[in-house]
Amino acid sequence: MPITRRRLFGLLAGAGALVGVPSLWMSRMKTYDGPVSDHFDGLNFFDPDGVPPKSLREVLRWQFGGKRQRATWPDWAPSPHADAPPDRVDGDKVRLSFVGHASWLIQTGGLNILVDPVWSTRVSPVSFAGPKRHNDPGIAFDKLPKIDVVLVSHGHYDHLDMATLSRLAKNFAPRVVTPLGNDVTMRSTDATIKVEAFDWHDRVELGGGIAVTLVPTRHWSARGMFDRNKALWASFVLETPAGKIYVVCDSGYGDGGHFRRVAERHGPLRLAILPIGAYEPRWFMRDQHMNPEDAVKALADCGAQQALGHHHGTFQLTDEAIDAPAKALVEALDAAKVSQERFVAMKPGQVVEI
């Protein structure tokens, strides 16, 4: 297929802004300004145990290299599930509803918490190009209960969706908790968003005995040409009446150190939510996205009793088939002699209660 200007623009909107190189057409934006730390050098955040994101040259090699094998997804792949959540969940239970990709509604202790909420049709800096939904959100927006808290893991467009955050701010005015620097992104677009930014290892009381701690994860962040790693990224450990839930929205595996350290500092874990998709080709993706085999190793490292697989089947960010992550997870669990019931690949609209 010839490399037209429109195709190049569209590919950069998808692969660039989401998983490879920041958007080339974005203007300079305000960024975080704070003290130097062991993961912030005064200008950029970094993972002491990670690697830098791929270069533009590597993005173009992936996108236009002659050996690329990109699976074709169906135009529409509806989930058989749809959820209409209750107003609240009290007592010692936790109700988790999978919205799709990395978006969740977690209800516990009388609080309604959204994680990386994305209800937009595309995850892109532009409305006419970039990855598009292949199924509806598992909860229709007008079926949401009153949202109290939103957790946003990092700034990539498939996780920090300004249109959805603005809609939530208008309808519910929730408290938004996010890693350092992402508050600048949100406020620069919508000053009504009640955002609070925190560093790795900060513990935040959410109310009703619920708390969340931001923990290191093997990833990176960018939204525009001038803000690569200007904002921090994180995973979350959520303290609930039913136990601790480890929510990993995006991460490479590396040597597994991040997952083992979470077990050491925050264990025991009742549940882990782990990404299993957006992983091919491995030469490009392994440092920032886990495949199912990695995710099974991450489950062993963190020691959670049970895991739920997400970050697959909604937006085609990479080259594997739409059903490849779920199939590969079954194979990886069998190879590791782990029960299939212990780690389940979720579909939008599915609900789990613990």
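**View 1. Strands 7 and 8 make a hairpin.** Two strands count as a pair when DSSP finds at least two bridges between them, and strands here are DSSP runs (E, at least two residues; helices are H or I, at least four), numbered from the N terminus. This is a predicted model, where local features need pLDDT of at least 70, side-chain atom pairs count only at pLDDT 80 or more, and totals for chains, interfaces and linings use all residues. Residues are numbered from 1 along each chain as its sequence is written, and side-chain values use heavy atoms, leaving out hydrogens and water. Strand 7 (residues 203-207) runs antiparallel to strand 8, with four bridges. G207 sits opposite I210, and G208, in the two-residue link, has a positive phi near 65°.

**View 2. Strand 8 is mostly covered.** Six of the six residues in strand 8 (residues 210-215) are buried, meaning under 20% relative accessible area (1.4 Å probe, protein chains only). I210, V212 and L214 point one way, while A211, T213 and V215 point the other. Strand 8 also joins strand 9 (residues 235-240) through five antiparallel bridges, with T213 partnered by V237.

**View 3. Strand 1 meets strand 14.**

Terms used: Buried < 20%, exposed > 50% of the residue type's maximum accessible area, 1.4 Å probe, protein only.
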